[in-house]
Amino acid sequence: TNNSLIQHHQEHLDLEAIINERTFELNVTLRELQETNLQLQEQATNDALTGVKNRKFFDQRLIAEYRLSRRQHTPITLLLLDVDKFKLVNDNYGHLTGDKVLIEICNIASKMLKRPNDYVCRYGGEEFPILVTGLSEEDTLFLGNKVLNAVRNNEKVIQLVAKYKRKITVSIGISTFKPNEPVDEFTNEEIFRIS
């Protein structure tokens with residue numbers, strides 16, 4: 001009986017070790033699945049070329065920010081960055097150069113944003129809304145000028161088109177509004193009409 005108890009105890013320990021090993025493997029697999037899910041979510045909200053947030057993300061975020069702004073009575077600001085005469089960039093320098101220019105401009109604009117809930121998004125080919133919240137008009141103008149100057153003076157952008165003796169320029173439009181009337185259902189077009 002003593003041998004039987006020892007054997008039973010050993011079997012219990014072996015079974016516990018197997019369970020612990022399988023639990024560890026399941027936890028590792030679960031962690032890997034969670035990381036993969038986060039990567040897939042990130043890919044679904046990011047523009048494939050530039051790496052900034054895509055139009056779908058922008059549309060959803062704008063509605064969320066509008067609702068939050070309305071509740072908190074705070075302004076919501078949209079800067080629309082546009083690469084001037086971008087069709088000429090693609091036509092004269094090629095699409096590969098055009099892509100590099102867009103990527104670099106997005107990198108520059110993204111670096112100007114310091115707060116986690118401010119986003120550069122790609123809306124169209126060369127149109128990039130920059131969504132910021134809670135900034136004064138003065139701070140928004142400062143940010144817009146900061147982005148313009150950073151693009152204008154960026155060596156990488158200058159070098160991309162230097163052999164053509166041309167400059168890449170961008171324009172930024174700024175709209176700030178503070179929602180004060182409740183709106184039940186709206187589209188992005190209605191939001192832009194408000195501004």
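Strand 1 (76-83) is mostly covered, with six of its eight residues buried, where buried means under 20% relative accessible area, exposed over 50% and partly exposed in between (1.4 Å probe, protein chains only). The model is predicted: local features need pLDDT of at least 70, side-chain atom pairs count only at pLDDT 80 or more, and totals for chains, interfaces and linings use all residues. Residues are numbered from 1 along each chain as its sequence is written, and side-chain values use heavy atoms, with hydrogens and water left out. Helices (H or I, at least four residues) and strands (E, at least two) are DSSP runs, numbered from the N terminus.

**Strand pairing**

- Strand 1 and strand 3 run antiparallel and are joined by seven bridges; two strands pair if DSSP finds at least two bridges between them.
- Leucine 79 has isoleucine 130 of strand 3 as its bridge partner.
- Eight bridges pair strand 1 with strand 4, also in the antiparallel sense.
- Isoleucine 172 in strand 4 stands opposite leucine 81.

**Nonpolar cores**

- The largest nonpolar core has 31 residues, and Leu81, Ile105, Ile130, Leu143, Val147 and Ile168 have the most contacts inside it. Such a core is a set of buried Ala, Val, Leu, Ile, Met, Phe, Trp, Tyr and Cys residues joined through side-chain atoms within 4.5 Å.
- Two or more residues each come from strand 1, helix 3 (86-93), helix 4, strand 3 (127-133), helix 5 (137-152), helix 6 (155-161) and strand 4 (170-177).
- Helix 4 gives the largest share of this core, seven residues.
- Another core, of 10 residues, lies apart from it and includes Phe57, Phe58, Tyr66 and Phe177.
- Leaving aside neighbours within four places in sequence, isoleucine 130 is in contact with Thr77, Leu78, Leu79, Leu81, Ala109, Leu113, Tyr119 and Val120; contact means heavy atoms within 4.5 Å.

**Helix 3 against helix 4**

- The two axes come within 6 Å and cross at roughly 135°. Axes are lines fitted to C-alpha atoms, for helices over the stretch in contact, and angles run from 0 to 180 degrees between N-to-C directions.
- Helix 3 is therefore oblique to helix 4; angles under 35 degrees count as roughly parallel, over 145 as roughly antiparallel, 65 to 115 as roughly perpendicular and the rest as oblique.
- Phe86, Val89, Asn90 and Tyr93 of helix 3 meet His95, Thr97, Gly98 and Leu102 of helix 4 in this contact.

**Glutamate 104**

- Glutamate 104 sits in helix 4 (residues 95-112) and is buried, with a relative accessible area of 9%.
- Not counting residues up to four places away in sequence, glutamate 104 touches Asn154, Lys156 and Val157.
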